[in-house]
Every structure is written in structure tokens, then in C-alpha cells.
Amino acid sequence: MEFILLADDPLAYKEVASWYFEQWLSNVPDMTVGKVESKLATYTNRDKAPLLMLAKLDGELIGAAELKIHEMDIYPDYEYWIGGVYVKSSERGKGVAARLVQEVIGQAKMFGIKKLYLQTEKLDGGIYSKVGFSLIEQVDYKGHYVSVMHVDLI
């Protein structure tokens, strides 16, 4: 398995946008795959957020994760977030998501980011607890009950 940035495979955003739309956004009013594509097309940074980390296996795209800025508007002081962690169904349960998260954490450390946040509908923290994230609180955010978590990178 290899991990690369969207900057190294700039057309991959189209497939990732399709995944994201189907997984999380298809029921959001006025949301389209095109809108998701437009957002992700800007995640081509190599030295700062936002960026998109891709996981490939034998040249095939199998997963993605984002280093984002200000994901949840109810936390304006929480700057850097991991989000959009997605693995193709055929590759789930093989540690791909955890490795994607670790790759994004590595990028964040290289950029000098001191703390990362995330939100997950897995109220027990899922893989995020296993890679070092701790619960801040659980909240109802836009109709979804989520765990908000953080990890210190220093």
C-alpha cells in the first residue's frame, strides 16, 4: 500500500468526491457531486492544510483522508481537523483507515501543527481512540450525535 497526496494524482478528487457524496452527502439539500468535486479540487497543497491524502493498492485508489481547517462551526478555536476518512468497502477491516489517519498526523506534525481534532459518529471513538485521539465531548451537530476528539502532536 502506498500513500500519496492529491497533488501527486490531481484527478483522483473525482473518485473521492463520488465516495464522499454517496457516503455522507447524498441527502443534503442542494448538494451535488460537482460541489464536492469543486471543494476537493482545491486540496492539492503539499505544505499546508487543506490537503487530501490518498491510499493506493497496486495502483488502485482505495481510500482517502483530509487535513482540513475549521470543520465544525461550533468550535471556532479548533483550527486543524482530520476528516473525510473513507475506505472502499472491499478494503475495510484491513487497517487502511488507521494508516491513513497516521499519514495525515505525520503531515500535520511536519507542518508544525500542535493539535488535531475530528468528529465521528462512532461514539466510542472507533479507530481514532486506537491511534491516540481522546474524547472532548459528544454533541448533536446538525442532526447527528458525534464524538468530538483531539490529539496533541507535540
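Start by selecting proline 50, which sits in the loop between helix 2 and strand 2. Helices (H or I, at least four residues) and strands (E, at least two) are DSSP runs, numbered from the N terminus. Look at the link between alanine 49 and proline 50: the peptide bond there is cis, with omega about 0°.

Before moving on, know that this is a predicted model, where local features need pLDDT of at least 70, side-chain atom pairs count only at pLDDT 80 or more, and totals for chains, interfaces and linings use all residues. Residues are numbered from 1 along each chain as its sequence is written, and side-chain values use heavy atoms, with hydrogens and water left out.

**Two loop residues with positive phi**

Next, click on aspartate 30, in the loop between helix 1 and helix 2. Its phi is near 65°, a positive value in a residue other than glycine. Is aspartate 30 buried or exposed? Aspartate 30 counts as exposed, at 67% relative accessibility. (Buried means under 20% relative accessible area, exposed over 50%, partly exposed in between, using a 1.4 Å probe and protein chains only.)

Now hop to histidine 70, in the loop between strand 3 and strand 4. Histidine 70 isn't a glycine either, yet its phi is positive, about 50°. This one is partly exposed, with a relative accessible area of 40%.

**A buried lysine**

Select lysine 88, in the loop between strand 4 and helix 3. Its relative accessible area is 19%, so lysine 88 is buried. Which residues does lysine 88 touch, leaving aside its neighbours within four places in sequence? Show Trp19, Glu60, Leu61 and Ile62: lysine 88 is in contact with each of them (contact means heavy atoms within 4.5 Å).

**Helix 1**

Colour helix 1, residues 13-25. A straight helix of 13 residues would span 18 Å at 1.5 Å a residue, but helix 1 spans only 15 Å between its end C-alpha atoms. (The expected span is 1.5 Å times one less than the number of residues.) Its buried residues are Tyr13, Val16, Ala17, Trp19, Tyr20 and Phe21. Follow their side chains and you'll find them packing against helix 2, strand 2, strand 3 and strand 4.

**The cores**

In soluble globular proteins, nonpolar side chains tend to be buried together. A nonpolar core is a set of buried Ala, Val, Leu, Ile, Met, Phe, Trp, Tyr and Cys residues joined through side-chain atoms within 4.5 Å. The largest one here has 30 residues, and those with the most contacts inside it are Leu67, Ile82, Leu100, Val101, Leu116 and Phe133. Helix 3 gives the most to this core, with eight residues. Another core, of 17 residues, lies apart from it, with Ala12, Trp19, Leu40 and Leu61 among them.

**Last stop: the largest pocket**

Centre your view on Trp24, Gly84, Val85, Gln119 and Glu121, which lie nearest the centre of the largest pocket, out of 42 lining residues. (On a 1 Å grid over the protein atoms alone, a pocket is an open set of points where a 1.4 Å probe fits, with protein on both sides within 12 Å along at least five of seven lines; lining residues have an atom within 4 Å of a point.) Which strand gives the most to the lining of the largest pocket? Select strand 4: it supplies six residues. By class, the lining has 20 nonpolar, ten polar and twelve charged residues.

Terms used:
Ala, Val, Leu, Ile, Met, Phe, Trp, Tyr, Cys and Pro count as nonpolar, Asp, Glu, Lys and Arg as charged, and the others, Gly among them, as polar.
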